[in-house]
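Q: Before we look at any detail, could you take me through the features of this model one at a time, giving the general idea first and the case at hand second?

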Protein chains: 2
Amino acid sequence: MTTSHISRCAQLAMLLEVSATPKPGNIDRDHNYADTRFEHFLASAVGVFPILEKAARSDSGAGSLIREAVLESSKWQKGGNTHFGAFILLIPLVMAAGRCDDIEGLKVQVKKVVRRTTVNDAVEFYRAFSDAGVKVKPVKDLDLTDAASTEKIRAQGLTLFNMMEISAGYDMIAEEWTNGFQKTFECAASIQNKIKKHGINDAVVLTFMELLSKYKDTFIQTKFDYAKADEVSIRAKNILKTDDMDDKMHNIHSFDDELIKNGVNPGSTADLIISGLFVSLFEGMRF
Amino acid sequence: MTTSHISRCAQLAMLLEVSATPKPGNIDRDHNYADTRFEHFLASAVGVFPILEKAARSDSGAGSLIREAVLESSKWQKGGNTHFGAFILLIPLVMAAGRCDDIEGLKVQVKKVVRRTTVNDAVEFYRAFSDAGVKVKPVKDLDLTDAASTEKIRAQGLTLFNMMEISAGYDMIAEEWTNGFQKTFECAASIQNKIKKHGINDAVVLTFMELLSKYKDTFIQTKFDYAKADEVSIRAKNILKTDDMDDKMHNIHSFDDELIKNGVNPGSTADLIISGLFVSLFEGMRF
């Protein structure tokens with residue numbers, strides 16, 4: 001598969017994710033936030049293309065590539081952080097895709113790619129956080145506002161994989177790095193199972209709801225707390241029990257309105273949808 | 001400007017056009033047709049990227065490049081013809097952009113690119129029509145269902161520019177080729193004038209309405225007749241006279257509902273929006 005083909009799969013994954021509606025609480029084709037709009041996500045997905053191609057050609061440097069993706073994205077739009085979490089998943093997946101031809105190869109290669117990261121990757125990744133304007137600490141004991149943190153990373157000899165290992169217990173994106181992208185592949189299988197019956201939009205929406213019902217969203221947990229993330233998961237689970245499909249979609253719409261109103265956005269679950277869509281498109285899913 | 005940068009401008013132009021809502025009568029983020037959906041336009045814009053890059057590197061072969069774009073688009077989605085009219089405008093503009101640095105250069109170069117087309121470009125373009133599944137005759141006396149037509153093109157020594165000259169009197173897209181892409185540059189100026197006050201979505205919607213009010217849409221004229229295209233232009237003109245912005249947007253929404261209901265889609269005006277957005281992004285427009 002060419003680097004161009006792989007990169008287009010990643011780009012289309014970002015576009016399909018942000019378009020799918022309603023994805024309760026998140027920006028989609030029908031919802032904007034005050035400063036970040038649907039169009040900012042389109043521009044970010046377009047802008048990052050050459051970094052995706054570079055990743056598909058690269059054996060190493062995941063940390064730098066994530067940082068380059070963040071910087072390139074911000075050159076194309078003024079909406080702030082759009083795809084940071086998505087890049088953390090997409091960059092190693094795209095690197096792995098450049099080294100294999102099928103999903104089994106992808107599973108093997110992506111494990112190798114993340115384990116091969118270095119201390120320099122960790123430092124670059126750390127810098128990407130401030131470039132992206134993300135206000136959380138990537139690792140609990142390392143403060144982004146503290147310039148000495150990169151020194152600590154070097155002194156402790158932490159690779160980017162090591163940093164993800166530290167965060168994996170409380171961050172579902174970091175956990176993907178350490179568990180072979182398990183939820184990503186689960187997400188891909190779910191979308192592909194649903195696309196024939198429900199079409200691409202609803203296949204994404206229903207998979208989003210399933211992930212949300214099963215896994216507490218890290219972004220909500222960071223912005224609010226564990227209890228709020230748990231509450232959202234339980235609500236999603238109950239809505240999915242609705243038998244009638246029209247009623248179910250109606251309930252998803254109401255849930256969306258409620259989360260939007262309260263500023264509860266399951267951003268990490270959206271990132272998983274992007275990585276799952278990438279895997280599906282890489283496997284040849286069309287619609 | 002790199003070929004990658006130019007191609008990303010073209011890709012983002014396609015995405016912003018199809019997203020802008022409501023664009024009366026056309027597919028947008030809130031409207032699908034039965035067989036062609038919003039997501040098919042996203043996939044087409046993504047899929048065509050390498051052909052855009054090739055065009056930005058090319059001095060000749062506009063006809064083949066348009067055909068390649070049509071074929072590549074159809075590999076990425078099953079919605080049928082999405083961007084054929086847009087490619088007829090974008091391909092020469094992207095080729096021209098690869099040979100200059102600013103809008104004045106673009107105006108000069110795009111005239112040269114279209115005049116440099118050959119008989120072979122005409123034949124390839126002709127074949128692209130059937131590849132795209134477009135059911136109209138590109139030139140009045142040449143029947144697409146007649147295999148002898150390409151022989152006629154060769155016998156008459158018609159270049160692609162000559163074919164556009166023949167069609168220019170009744171086809172606004174062909175006319176762009178012969179008048180130095182006048183409406184494209186007018187469209188670009190209008191979008192850029194409006195973006196600060198109205199934001200990207202409404203700048204596109206208002207410019208779409210302005211073009212529609214001033215020029216009879218070729219696609220409507222072909223699907224219905226001159227009278228229908230004229231009626232749509234007059235309606236658009238009257239709606240634009242509304243003083244209050246909220247009332248105006250409300251009237252545009254009603255107009256959209258009515259056109260959608262009656263299957264009246266101003267597809268050629270949408271193609272001009274794409275070429276105008278491309279020029280704006282090439283000039284550095286960001287949002």
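A: Let us begin with contacts: two residues are in contact if their C-beta atoms, placed from the backbone, lie within 7 Å. Please keep in mind that this is a predicted model.

Q: How many residues of chain B are in contact with chain A, and which elements of chain B give two or more residues to that side?

A: In this model 22 residues of chain B are in contact with 22 residues of chain A. On the side of chain B that touches chain A, the elements giving two or more residues are H1, helix H2 (38–47), H3 and helix H11 (182–214) of chain B, and the largest share, 7 residues, comes from H1(B). Sorted by class, that side of chain B has 11 nonpolar, 6 polar and 5 charged residues.

Q: How is the packing of helix H1 of chain B and helix H3 of chain B described?

A: Two packed helices are described by the angle between their axes and the distance between the axes. Here helix H1 (residues 3–19) of chain B and helix H3 (residues 49–57) of chain B pack at an angle of about 130°, with axes 8 Å apart. H1(B) and H3(B) are therefore oblique to each other, since angles over 145 degrees would count as roughly antiparallel and those from 65 to 115 as roughly perpendicular. The crossing in which H1(B) passes H3(B) is right-handed.

Q: Which residues make the contact between H1(B) and H3(B)?

A: From H1(B) come B:Thr3, B:Ser4, B:Ile6, B:Ser7, B:Ala10 and B:Gln11, while H3(B) gives B:Phe49, B:Leu52, B:Glu53, B:Ala56 and B:Arg57. By class, this contact has 5 nonpolar, 4 polar and 2 charged residues.

Q: Where is the cis peptide bond of chain A, and where is that of chain B?

A: In chain A a cis peptide bond joins A:Thr21 and A:Pro22, with omega about -5°, and A:Pro22 is found in the loop between helix H1 (3–19) and helix H2 (38–47) of chain A. In chain B the peptide bond from B:Thr21 to B:Pro22 is cis, with omega near -5°, and B:Pro22 has its place in the loop between H1 and H2 of chain B.

Q: What is phi of A:Phe181, and is A:Phe181 buried or exposed?

A: Phi of A:Phe181 is near 55°, a positive value in a residue other than glycine, and A:Phe181 is found in the loop between helix H10 (172–178) and helix H11 (182–214) of chain A. A residue is buried if 20 or more other C-beta atoms lie within 10 Å of its own; A:Phe181 has 26 within 10 Å and is therefore buried.

Technical notes: Residues are numbered from 1 along each chain as its sequence is written. Chains are lettered from A and ligands numbered from 1 in the order in which they are written. This is a predicted model: local features need pLDDT of at least 70, side-chain atom pairs count only at pLDDT 80 or more; totals for chains, interfaces and linings use all residues. Axes are lines fitted to C-alpha atoms, for helices over the stretch in contact, and angles run from 0 to 180 degrees between N-to-C directions. Helices (H or I, at least four residues) and strands (E, at least two) are DSSP runs, numbered from the N terminus. Angles under 35 degrees count as roughly parallel, over 145 as roughly antiparallel, 65 to 115 as roughly perpendicular and the rest as oblique. A crossing is left-handed if the near helix is turned anticlockwise from the far one by less than a right angle, and right-handed if clockwise. Ala, Val, Leu, Ile, Met, Phe, Trp, Tyr, Cys and Pro count as nonpolar, Asp, Glu, Lys and Arg as charged, and the others, Gly among them, as polar. A residue is buried if 20 or more other C-beta atoms lie within 10 Å of its own, exposed if 12 or fewer, and partly exposed in between; C-beta atoms are placed from the backbone.
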